[in-house]
Amino acid sequence: QGEIKTVDDACMVFGGVPPCVSDHADRVANFALSVVQLRIDGVKGEPVVMRCGMHSGAVIAGVVGTRKFAYDLWGDTVNVASRMESNGRPGRVCVSPAVAALLEGSFAFEELGEREIKGVGPLRTYLISSCKGPPPYAVLRPD
């Protein structure tokens, strides 16, 4: 189970929040790999290139609003995921060590090395290079 929330010119996808599923990291990683492979023409015909960031950990979640209600997430996990995206590369999925550990065995990685991450300090980062097997469910196809 997961949700998608828009944040300015970005979107935030989260998985593993109620209801919990054991393969939430794999599901989000497959989704992210599908997103960065999409080919979209921008306003002037220039290609729009996506990048994604992933982190895993505890969050604070709740429903906010008085007239229009929205489910939202806060906390260091959300901030680190955002930093993974902003420190990543166009067309790629950048992940934290926590995510790399969760996905070990299912995905292959390229190490970017240790980087200074705003609000976190030095952190080793990785790019997902491929899925080691077929995803267990349908993914987006850029046809």
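1. Buried means under 20% relative accessible area, exposed over 50%, and partly exposed in between, with a 1.4 Å probe and protein chains only. At 22% relative accessibility, Asp-23 is therefore partly exposed.

2. A friendly word on the basis: this is a predicted model, in which local features need pLDDT of at least 70 and side-chain atom pairs count only at pLDDT 80 or more, while totals for chains, interfaces and linings use all residues. Residues are numbered from 1 along each chain as its sequence is written, and side-chain values use heavy atoms, with hydrogens and water left out.

3. Now to the charged pairs. Side chains of opposite charge can pair when their charged atoms come close. With a salt bridge taken as a side-chain nitrogen of Lys or Arg within 4 Å of a carboxyl oxygen of Asp or Glu, the count is four.

4. One of them joins Asp-23 to Arg-27, with 2.9 Å between the closest N and O atoms. Arg-27 is partly exposed, at 35% relative accessible area.

5. Arg-51 pairs with Glu-85, the closest N and O atoms lying 2.8 Å apart. Helices (H or I, at least four residues) and strands (E, at least two) are DSSP runs, numbered from the N terminus. Arg-51 has a relative accessible area of 34%, and Glu-85 has 25%.

6. Glu-110 forms a salt bridge with Arg-92, with closest N and O atoms 2.8 Å apart. Glu-110 belongs to strand 9 (residues 107-117), while Arg-92 lies in the loop between helix 2 and strand 8 (93-95), 18 residues apart. Glu-110 is partly exposed, at 32%.
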